[in-house]
Amino acid sequence: MAEESEAYRAILARHERALDGVPYVHLVREGISGPRRLLVTIATHKNGERYAALETTERGWKGDVLALRDPLNSYYLQQDAGAAYDTVVDTVCAGYAPADVVFFGSSMAGYAALRWALRWDANAVVSNPQVNLDAAAALGWPELRANILRVPMRVNLDELAHGERSCSIAWLHGRHPMDVDALRRFMGIWLASPGMTLNLQHHPEAAHRYLINDGKHFFALLEGVLAERAMRERTERLR
């Protein structure tokens, strides 16, 4: 694992906490006017003990941050179908309006971002996420397949009833069979969830990989889903 920078260690020293044995970082900004916004950054495979995008968001995001990690690579489900992580997310998110919360993740973390965005009727930015873990195991490479099959209580998002949602979701996808299948399955969720907005960015990549180019691209995606959600809510109030 890459050596942690001084800035990263300083963020942990000030903002890392634990709830029911689950460590997390909750960075709360002071002196920001307007609605309080929360970005939830979710670490993916191979991040190990390290939180994802922590220094980038601390520097560039004008809002609060919740950072999560899953060293077991359990898709944030572990042994309890996600109950322990849900407690952390539910506790922190209770202080924010769902319209002002955006979950961010790629691959495994993209799956978690979608699960929590749907749970909270919040928003998400995802890059090549998984949707149905059993299908991902069948279509993925051996290491990923073995990792998914170690999760004892897998939760397939397309097998849940979500109902009407106001989520604004930006989805970046390539052409790996696993990623195409995930998008197809999520389209079924979208069709069955009136009010949800799904904005797709297609990349002609045959490999499963991270599709966000840089910090500027990242923050533009975040601001885009939040602006789209706010515009829709203003329109609804005027009707």
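Colleague: Which residues of α7 are the buried ones?

Modeller: They are Met178, Asp179, Asp181, Ala182, Leu183, Phe186 and Ile189. Buried means under 20% relative accessible area, exposed means over 50%, and partly exposed lies in between (1.4 Å probe, protein chains only). Keep in mind that this is a predicted model, where local features need pLDDT of at least 70, side-chain atom pairs count only at pLDDT 80 or more, and totals for chains, interfaces and linings use all residues. Residues are numbered from 1 along each chain as its sequence is written, and side-chain values use heavy atoms, with hydrogens and water left out.

Colleague: What do the buried residues of α7 pack against?

Modeller: Their partners are the helices α4 (108–120), α5 (133–139) and α6 (142–149), together with the strands β7 (168–173) and β8 (197–202). Contact here means heavy atoms within 4.5 Å. Helices (H or I, at least four residues) and strands (E, at least two) are DSSP runs, numbered from the N terminus.

Colleague: How does the reach of α7 compare with what is expected?

Modeller: α7 covers residues 177–191, which is 15 residues, and spans 21 Å from its first C-alpha to its last. The expected span is 1.5 Å times one less than the number of residues. For α7 that expectation is 21 Å, and the helix comes close to it.

Colleague: Why is Asn73 called buried?

Modeller: Its relative accessible area is 19%, so Asn73 counts as buried under the 20% limit. Asn73 sits in the loop between β4 (64–68) and α3 (83–93).

Colleague: And why is Ala53 called partly exposed?

Modeller: Ala53 has 29% relative accessibility, which lies between the 20% and 50% limits, so it is partly exposed. Ala53 belongs to the loop between β3 (38–42) and α2 (54–60).

Colleague: Which residues lie nearest the centre of the second largest pocket?

Modeller: Ala52, Ala53, Phe104, Tyr210 and Phe218 do, out of 15 lining residues. A pocket is an open set of points on a 1 Å grid over the protein atoms alone, where a 1.4 Å probe fits, with protein on both sides within 12 Å along at least five of seven lines; lining residues have an atom within 4 Å of a point. β5 gives the most to this lining, with three residues.
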